[in-house]
Amino acid sequence: MVAIPLGVPEDIDKYFFNRERELIQLKSLIENLKYNVSNQILLTGFRGVGKTFLLKKFSKSLPKNILSCYIDISKIYAMQKSKLTEEEILHNLLQEMNESVKKHGKGLKKINNSITTLLNKLKSYDYDFKDASTLLSIPIPQTKDNYQKLSKFVMEFPQKVVEASHGEIEGFLIIIDEFQFINELESPESFFWLIRSFSQEQDNVSYIFTGSTSTTSEIVEELNGISGAFGQRMIQLTINPFSESETNKYLKEKISEIKFRKDGLKRFYKCTRGYPAYINSFCNIMNNDKVYDEKLIKDEFYNKFDQIAIKWVILWSSLSKEEKEIVTTINENGSIKLKDLNEKVDFSKGTLIKYLHKLKNKGIISHIKTIYKIEDYMLSAWLKHRKNEDSYYPL
């Protein structure tokens with residue numbers, strides 16, 4: 001048996017493969033910060049394609065004079081029990097920026113200590129910071145419900161850190177992962193406009209937005225569409241799955257202990273479609289004392305489908321009864337119009353639209369106009385497999 005990390009491993013370099021071109025692109029864009037040119041970037045790609053892995057690798061390779069921080073909106077959403085607020089995103093962003101300041105060293109110690117004190121106040125929603133009225137010349141929020149001051153403080157903070165370092169820091173990179181969950185806010189467009197309004201005035205702060213969503217999704221339009229906050233000014237990069245030849249090369253270089261016949265390799269690629277997450281989870285259930293031909297790959301795939309599709313199995317268990325009903329109904333039909341979907345489910349159109357909204361944000365379904373479909377082929381295949389095996393969809 002082999003053991004390959006399914007998340008982002010501590011030893012990123014050991015498992016990094018075939019994203020050198022993307023690394024070079026990102027490096028050239030972010031290096032412009034030292035010339036007072038800030039690029040804003042949108043990185044898209046479906047779940048399991050390796051976006052987070054790429055960005056963690058990239059962050060690790062940044063020079064010390066460019067600070068970086070990373071927040072995952074889906075985790076903030078989960079921690080808030082599906083009640084996402086702008087304040088919670090800002091709190092987490094300030095905390096992660098402060099961690100970057102702390103790691104940099106003694107030159108920024110005073111800033112780190114002040115922000116740590118402020119964060120402790122913010123945790124209890126006590127914005128009364130009596131010891132000072134400003135920090136880095138940014139007004140400090142002083143009332144419990146002053147969202148305007150809080151947002152101004154957090155948004156201005158990274159540029160002010162660069163300026164206060166007197167040349168020691170040349171830029172600040174902020175990575176916002178699973179950004180599609182921002183659509184759970186009451187007014188996501190306003191939050192995007194908030195970031196845009198500050199970022200366009202900052203020469204040394206770059207944002208990378210990334211998420212499990214297609215380039216044509218609603219949230220991408222809200223962020224970078226013609227009428228979106230950034231109005232197509234963001235540099236948009238898409239991370240694609242490995243090709244068949246790239247998949248074969250990855251297996252040979254990183255998982256050479258597993259042996260394939262030629263027809264077995266073809267079937268393996270057909271099963272995983274070049275998604276690194278599925279390649280790794282499949283390999284984790286394979287043995288190095290076998291030679292895999294097409295039949296053996298097919299048998300292993302269906303016998304251990306739950307282990308291969310483990311990310312979807314976990315996500316499925318977190319869905320509500322209504323969400324599962326919507327997904328299975330769409331899966332039965334391949335794709336379906338909103339009108340027809342509404343006729344097939346046991347709740348109102350308003351409830352249906354509410355849950356469709358949540359499922360889109362989770363990267364489970366997509367739609368073009370009013371036609372909905374399952375976004376990820378592995379989820380669709382796993383659901384069909386369980387229905388065939390058990391005569392009913394998983395509960």
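**View 1. Strand 11 (365–368) and strand 12 (residues 371–374) are antiparallel and joined by four bridges.** The model is predicted; local features require pLDDT of at least 70 and side-chain atom pairs pLDDT 80 or more, while totals for chains, interfaces and linings use all residues. Residues are numbered from 1 along each chain as its sequence is written, and side-chain values use heavy atoms, without hydrogens and water. Helices (H or I, at least four residues) and strands (E, at least two) are DSSP runs numbered from the N terminus, and two strands pair if DSSP finds at least two bridges between them. H367 is opposite Y372 of strand 12.

**View 2. The open sheet 10-12-11 has three strands with antiparallel pairing.** Strand 10 (335–337) and strand 11 are the edge strands, each with a single partner, so one side of each has no neighbour in the sheet. Neighbouring strands are turned by 30° against each other on average, direction ignored. Helix 18 packs on this sheet and touches strand 11 and strand 12, its direction making about 110° with that of strand 11. Contact means heavy atoms within 4.5 Å; axes are lines fitted to C-alpha atoms, for helices over the stretch in contact, and angles run from 0 to 180 degrees between N-to-C directions.

**View 3. Helix 16 (residues 321–333) packs against helix 18 (residues 349–361) at about 80°, with the axes 10 Å apart.** Helix 16 is therefore roughly perpendicular to helix 18 (65 to 115 degrees). E322, E323, I326 and V327 of helix 16 meet L352, Y355, L356, K358 and L359 of helix 18. Six of the contact residues are nonpolar (Ala, Val, Leu, Ile, Met, Phe, Trp, Tyr, Cys and Pro), none is polar and three are charged (Asp, Glu, Lys and Arg).

**View 4. I326 is in contact with L341, V345, F347, L352, Y355, L356 and L359, leaving aside neighbours within four places in sequence.** In the largest nonpolar core, of 73 residues, M286 and I326 touch the most other members. Such a core is a set of buried (under 20% relative accessible area, 1.4 Å probe, protein chains only) Ala, Val, Leu, Ile, Met, Phe, Trp, Tyr and Cys residues joined through side-chain atoms within 4.5 Å.

**View 5. Five strands with parallel pairing form the open sheet 2-5-6-1-7.** Strand 2 (66–72) and strand 7 (235–238) are at the edges with a single partner each, so one side of each lacks a neighbour in the sheet. Four bridges link strand 1 (residues 41–45) to strand 7, and I41 is opposite I235.

How values were computed
Angles under 35 degrees count as roughly parallel, over 145 as roughly antiparallel, 65 to 115 as roughly perpendicular and the rest as oblique. Buried means under 20% relative accessible area, exposed over 50%, partly exposed in between (1.4 Å probe, protein chains only).
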